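User: I have a new structure to look at. Can you walk me through it?
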Amino acid sequence: MTTKTLRFYEQAQVLPQPARTASGYRDYDETSLARLRFVRAAQGAGLSLAEIRTIITVREDQGPPCGHVTALLDRHAAALDERIAELEATREEVRRLRDRAATLNPAACSEDGVCHVIPTH
């Protein structure tokens with residue numbers, strides 16, 4: 001992980017400010033490394049840094065955030081389902097237009113439109 005990423009995580013408040021060595025270098029302890037692993041895993045599950053920050057806050061203020069995490073994951077799963085449905089509908093429209101293109105004569109494409117494969121009316 002780059003120092004730029006570490007600083008960004010510190011600034012985003014998902015990683016606490018580390019101790020410093022005598023020469024001024026950041027000195028991350030095992031707790032910070034565990035936090036970094038959690039942040040990366042949570043991002044891999046599609047959670048934003050803001051959501052990860054709320055998980056950390058719940059953990060620090062209330063204890064295990066498992067219920068909060070489950071609710072976040074449920075919302076993400078629902079959003080993914082919605083996006084997948086939208087993408088499937090778009091794929092069907094693209095296929096329909098492609099099938100239409102196979103039946104059209106390019107010579108019949110009028111000059112006042114851009115391309116008659118994609119109808120505008």
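Analyst: This is a predicted model. To start with an annotation, an unreviewed UniProt entry places the feature "domain: HTH merR-type" at residues 1–58.

User: What share of residues 1–58 is helix, and what share is strand?
Analyst: That span is 59% helix and 7% strand.

User: At what angle do α1 and α2 pack?
Analyst: The angle is about 85 degrees, and the axes are 12 Å apart. Helix α1 covers residues 3–11 and helix α2 covers residues 30–44. The two helices are therefore roughly perpendicular to each other.

User: Which residues make the contact?
Analyst: From α1, Thr5, Leu6 and Tyr9 take part; from α2, Leu36, Val39, Arg40 and Gln43 do. By class, the contact has four nonpolar residues, two polar and one charged.

User: Moving on. Where does UniProt place the "coiled-coil region"?
Analyst: The unreviewed entry puts it at residues 73–104. In the model, residues 73–104 are 97% helix and 0% strand. The end C-alpha atoms of this span lie 46 Å apart.

User: Now pockets. What volume does the largest pocket have?
Analyst: Its volume is about 180 Å³.

User: And which residues line the largest pocket?
Analyst: The lining consists of Arg100, Cys109, Ser110, Gly113, Val114, Cys115, His116, Ile118, Pro119, Thr120 and His121.

User: How many of the lining residues are nonpolar, polar and charged?
Analyst: Five are nonpolar, five are polar and one is charged.

Definitions and conventions:
Residues numbered from 1 in each chain as written. Predicted model: local features only at pLDDT ≥ 70, side-chain atom pairs only at ≥ 80, totals over all residues. Heavy atoms only, no water. 1 Å grid on protein atoms, 1.4 Å probe; cavity = no way out; pocket = protein on both sides within 12 Å on 5 of 7 lines; lining within 4 Å. Points joined across faces, edges and corners; volume = space filled by probe spheres on them. Nonpolar A, V, L, I, M, F, W, Y, C, P; charged D, E, K, R; others polar. UniProt positions renumbered as here; feature names shortened; annotations may be inferred. Helix = DSSP H or I, 4+ residues; strand = E, 2+ residues; numbered from the N terminus. Axes fitted to C-alpha atoms, helices over the stretch in contact; angles between N-to-C directions. Parallel < 35°, antiparallel > 145°, perpendicular 65-115°, else oblique. Contact = heavy atoms within 4.5 Å.
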